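Hi everyone, thanks for coming. I'd like to walk you through a structure that may be new to you, so please have a look at it with me.

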Amino acid sequence: GSGAAGGSPLSEAAPLSPLSAAGHLFQCRGALLHRAGRLEAARAAYRSAVRHGCGAPAFVGWALLEEEAGEHGEAAGLFSRGADLEPEHAPLHNAHAAFAERRGDTDGARSIFRAACRPGACGQARSFVGPDLSRCSALLHGWGQFEQRAGYERRAAVLFERAARLGRGCADDCARAWHALGSVRLRQRRWDDALEAFERGLAGSPRSSPLLLGAGLARASLQQHEPARELFRRAVAEEPRHGRAWRAWGVMEARLGEVEQARRVYSDGLRSCRGHAPLWQAAARLEKEAGEADRARRMLRAGLRDCSAGERVEGAGGGGGGGGDDGLLLSWAALELGEGRLAQAQQLLERARAAGGGGGGRTHQLQAVLLARQGL
């Protein structure tokens, strides 16, 4: 991707390939150049991809490039051209709606989904039975995610359920949709409905670690601890780097008073995913609640070292004090505050603010407790 446009293997191979294959080669070239920050060369590659019949994927890549360049009108036009050319291409509609959402146009994003799903817009949406049900399922799933981000969980649940039922032609799409529906039901504390959704997904994708975790969470919420334990065990066996599954299992054991079992779970999990900050936080909380403040400090110190130096893994992002360096620092500050070590707590809060871009609600809460303890 660093050579001149005319001298790369991709541009040399394209004229020798069938038309559509050449288009996809140019589209791949455009994506690589875009990632390298060479926008003009990427734009030319996307233009060639469209000329050589790539279609919707090229229009999506090109539109995202124009968005990055600040050419929002051009980007919107490219999304529309792609939709006119391939109205059944669900990823294009999802990307177009996400573009509108990023610009703050939630009504426009919703209109894009409605237009894509209207009768006659594509074969699948017309009757919800067709040659490739997974595409319409993917579109409905994308729409559900949009409604969820907008705060409309009931709408999202309806769309996720429709997506799951349509996704029977594609196991991956079906699993994603059932997982999304089950997650909504968990947040609504509808444990039986959540379990049903996860189990429906597992019927088609029995080795899905996210679905196994979801079913385990639902079982644990229903006080069915032994089945939950088995589901957590299967989830981490399928995906040893699934930090959320290790954490959920450990939290359940801790709540049941099984401190040694929880320690073993956290220890095994941290061997597999040392960059998962919430898992370090949970392990430190276990030690704090067991009265082992020094062990908790060692956990938090090790977590900061590994999460800062190593690769972060699934579900371990920072921001707002939920995970990452700022979350670990806030947990450590809370520990020191509880131990009466106010100067150390203040230093840790200052580090957390610097790591988290100013801090969120938990930072302010801990600072208020600290000030009260200091008599200020």
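I'll start with the overall chain, then turn to its charged residues.

One thing to keep in mind: this is a predicted model. The chain has 21 helices and 0 strands. Of its 376 residues, 47% are buried. If we take contacts between residues at least 6 apart in sequence, 49% of them join residues at least 24 apart.

Now, the charges. How many salt bridges does a search of the whole structure find? There are 24.

Let me show you a few. R229 pairs with E253 in a salt bridge, with the closest N and O atoms 2.6 Å apart. This pair links distant parts of the chain, as R229 is in helix 14 and E253 in helix 15, 24 residues apart. Both R229 and E253 are buried.

Next, E147 forms a salt bridge with R155, at 3.5 Å between the closest N and O atoms. Here E147 is buried, at 2% relative accessible area, while R155 is partly exposed, at 40%. These two also belong to a network of salt bridges that links D107, R110, E147 and R155.

Helix 15 and helix 17 each give two or more residues to the patch, and the largest share, 3 residues, comes from helix 15. R285 sits in helix 17 and counts as partly exposed because its relative accessibility is 35%.

How values were computed
Residues numbered from 1 in each chain as written. Predicted model: local features only at pLDDT ≥ 70, side-chain atom pairs only at ≥ 80, totals over all residues. Heavy atoms only, no water. Helix = DSSP H or I, 4+ residues; strand = E, 2+ residues; numbered from the N terminus. Buried < 20%, exposed > 50% of the residue type's maximum accessible area, 1.4 Å probe, protein only. Contact = heavy atoms within 4.5 Å. Salt bridge = Lys/Arg side-chain N within 4 Å of Asp/Glu carboxyl O.
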